[in-house]
Amino acid sequence: MTMKNVKNVYPPKFPEKKFGRVHYRQVDHEVKNIFEIGGVTILPSSEAWQKFAWTKKFFGEKPKEGYFIWVKNQLDFPLTACITIASPKISQDLRNLLVIEKNIKARANVICDAKEKFLCGKHLARGKLILKEGVFLEYNHIHKWGEKDNVQPDYEFTLEKGARLIYNYRNLFPPENLEFKTTIHSGENTSSNLNLIIMGGRAAKASRVAGAPVLGRVASKTKVKDTVFLEGKNSQTVVRLRLVGRKKSQIEAISQIFATSAGKGHLDCQGLLVDKTAKISLIPQLVCQNKKAQITHEASIGKISEEELTYLRMRGLTEKEAIDLIVSGFLKKV
Amino acid sequence: MIYLQDKLMEKILLKIKKLRAKADEKEILKGVSFQIKRGEIQALLGPNASGKSTFAQVIIGNPKYKITGGGIFFEGKEITKFSLERRVKLGMALAWQSPPKIKGVKLSQILERISQREIEIEEAESLLEKEVNLHFSGGEKKISELLQVISLDPKLVIFDEIDSGLDIKRLEKVAKMVKKELVDKGISILLITHLGQILQFLKPNLTNVMLDGKIICKGRDFRKILRIIRKYDYEKCKKCLSTEVS
């Protein structure tokens with residue numbers, strides 16, 4: 001056979017570019033644009049609170065900022081929302097609500113990022129996602145933060161009867177502090193797949209500029225808590241959590257399944273230590289309150305193999321390229 | 001840095017002088033001297049644990065091993081302290097005996113990073129989209145290693161036990177590939193082998209025997225050496241071939 005090698009395209013470009021049209025865009029505290037489409041209501045959360053009384057039970061208190069997306073008809077393209085910090089010391093306090101009506105199949109891309117590395121911003125996002133009966137949702141949640149940001153996403157998914165969820169979360173550019181919390185309430189005959197990829201710390205040879213974290217201190221602290229409640233009969237979940245501890249990172253993760261009904265669940269949690277200054281703590285937890293439920297877990301943390309590194313270096317890769325390739329392989333398993 | 005001035009050295013690609021090396025405080029190479037010319041094929045025979053694989057890894061610069069004495073010269077230039085990346089850039093390549101599994105990384109991904117070259121090798125297509133060494137059979141590992149070292153566009157290739165675990169048919173195929181892609185292009189080859197099966201297909205110009213971290217004899221007739229080893233085992237080499245050093 002003839003094999004033609006193609007040009008090296010690693011590392012991949014930030015995926016925002018491939019998502020196309022943005023339906024809700026917020027920069028700092030300002031809603032920059034809302035792209036109206038038939039069958040979907042998109043509003044700033046504060047307006048939705050005024051306009052639709054039923055949203056009050058989901059928001060809890062009057063929201064200051066954030067998006068409200070109500071999908072009422074089937075769409076043949078993904079919905080995209082971008083929330084950005086572009087100015088220094090911005091403190092966002094978002095309340096987001098996504099409601100999808102019965103039997104709709106939808107895809108949503110939500111990108112939250114900081115435009116620059118050292119804006120020292122705060123991104124607090126509390127979101128509720130309601131998947132009504134028979135809904136299928138693929139929710140791609142991508143974070144890209146600066147090195148001094150403080151980020152606290154707290155998302156709660158409610159899966160009504162027969163709903164299916166694929167939740168992909170990727171954070172390859174970690175902030176200084178990340179507190180990631182996700183809760184899934186699974187009704188009867190629902191299924192959820194959570195694929196969570198969380199990188200901690202900095203790349204081995206990250207360039208340093210003024211204001212960058214000083215050597216000797218922790219570059220990033222990450223706390224992860226994902227909880228799935230199997231509340232309905234025949235509800236199923238698979239959680240795949242991948243944690244990568246790079247230079248000067250501390251990651252603490254708790255991954256839980258609570259089974260109160262006859263559901264099935266599996267936790268697959270793996271950590272990879274890339275640097276000797278990294279620390280990962282990982283706790284998988286299973287709580288079973290129904291004798292017909294089947295819940296299992298597997299968890300491991302390993303360091304990057306010296307033999308694999310040497311092997312790839314012998315193929316002409318630099319040490320950094322070899323680490324990147326091994327990490328990408330580790331994450332590809334999700 | 002020492003540059004070797006001798007004009008004869010132009011023909012010599014790799015020269016190793018009294019090389020000593022250890023791993024985990026245990027001395028493995030105990031003064032190895034060796035040289036290989038451009039376009040030459042040499043074999044290195046030896047029993048298990050004689051230091052053959054360590055010799056290969058030390059030549060290419062695996063940081064696991066520490067050189068405690070002697071020197072390595074490539075194209076007349078001392079490279080004893082060069083990093084492994086620099087040695088690879090100079091044109092040295094090693095095909096591993098037991099390459100590590102790399103989860104989630106396809107062979108094609110490694111090849112893409114090595115070069116833009118077009119290579120024609122049968123049987124390789126099915127391997128490209130597989131994870132490197134993960135579900136490869138013994139023969140597939142050898143093909144994958146061969147493909148990678150060819151892509152590196154090397155001047156010297158060391159094959160560490162390329163013939164182990166291959167049946168005679170596959171061995172012949174691998175030897176044909178080595179001949180077509182490397183030997184015919186004037187690339188120097190060092191064949192490290194325990195049982196010497198590959199030698200009948202690649203016919204080395206010189207065969208070395210290593211015992212206990214030293215090359216204890218060399219000879220031009222690989223068939224004679226193999227016959228003696230098979231008949232009397234390696235210990236006999238010391239006595240019967242030491243006078244034949246050319």
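Me: What percentage of the 334 residues in chain A are buried?
Reply: Buried residues make up 45% of chain A. A residue is buried if 20 or more other C-beta atoms lie within 10 Å of its own, exposed if 12 or fewer, and partly exposed in between, with C-beta atoms placed from the backbone.

Me: And what is this model, and how is it numbered?
Reply: This is a predicted model, in which local features need pLDDT of at least 70 and side-chain atom pairs count only at pLDDT 80 or more, while totals for chains, interfaces and linings use all residues. Residues are numbered from 1 along each chain as its sequence is written, and chains are lettered from A and ligands numbered from 1 in the order in which they are written.

Me: How many helices and strands in chain A?
Reply: Chain A has 4 helices and 20 strands. Helices (H or I, at least four residues) and strands (E, at least two) are DSSP runs, numbered from the N terminus.

Me: Of the contacts in chain A between residues at least 6 apart in sequence, how many join residues at least 24 apart?
Reply: For chain A the share is 81%. Two residues are in contact if their C-beta atoms, placed from the backbone, lie within 7 Å.

Me: At what angle do α3 and α4 of chain A pack?
Reply: Helix α3 (residues 306–313) of chain A and helix α4 (residues 319–332) of chain A pack at about 120 degrees, and their axes are 9 Å apart. Axes are lines fitted to C-alpha atoms, for helices over the stretch in contact, and angles run from 0 to 180 degrees between N-to-C directions. That makes α3(A) oblique to α4(A). Angles under 35 degrees count as roughly parallel, over 145 as roughly antiparallel, 65 to 115 as roughly perpendicular and the rest as oblique.

Me: Which residues of α3(A) and α4(A) meet?
Reply: From α3(A) they are A:E308, A:L309, A:L312 and A:R313, and from α4(A) they are A:E319, A:A322, A:I323, A:L325 and A:I326. By class, this contact of α3(A) with α4(A) has 6 nonpolar, no polar and 3 charged residues. Ala, Val, Leu, Ile, Met, Phe, Trp, Tyr, Cys and Pro count as nonpolar, Asp, Glu, Lys and Arg as charged, and the others, Gly among them, as polar.

Me: Switching to chain B. What does its secondary structure come to?
Reply: Chain B has 9 helices and 11 strands. Of its 246 residues, 43% count as buried.

Me: What radius of gyration does chain B have?
Reply: Chain B has 18 Å, which agrees with the value near 18 Å for a compact globule of 246 residues. The radius of gyration is taken over C-alpha atoms, and the globule rule is 2.2 Å times the number of residues to the power 0.38. Along its principal axes the C-alpha trace of chain B spans about 50 × 45 × 35 Å.

Me: How many of the residues of α1 in chain B are buried?
Reply: In helix α1 (residues 52–60) of chain B, 9 of its 9 residues are buried. B:K52 and B:F55 are among them. After α1(B) comes B:G61, with a positive phi near 100 degrees.

Me: What about B:A49, what is its phi?
Reply: B:A49 is not a glycine, yet its phi is positive, about 65 degrees. Most residues other than glycine have a negative phi. B:A49 lies in the loop between β3 (41–45) and α1 of chain B. B:A49 is exposed, because 11 other C-beta atoms lie within 10 Å.

Me: Where does B:D153 lie?
Reply: B:D153 lies in the loop between α5 and β8 (156–160) of chain B. Phi of B:D153 is also positive, near 55 degrees. B:D153 counts as partly exposed, with 14 C-beta neighbours inside 10 Å.

Me: At what angle do α5(B) and α6 of chain B cross?
Reply: The axes of α5(B) and helix α6 (residues 168–181) of chain B cross at roughly 0 degrees and come within 11 Å. So α5(B) is roughly parallel to α6(B). Among the residues making the contact are B:L146 of α5(B) and B:V174 of α6(B).

Me: Last one: is B:F222 buried or exposed?
Reply: B:F222 is buried, with 22 other C-beta atoms within 10 Å. B:F222 lies in helix α8 (residues 222–232) of chain B. Leaving aside neighbours within four places in sequence, B:F222 is in contact with B:A43, B:L199, B:P204 and B:T207. The C-alpha atoms of B:F222 and B:P204 are separated by 7.1 Å, and the two residues are 18 residues apart along the chain.
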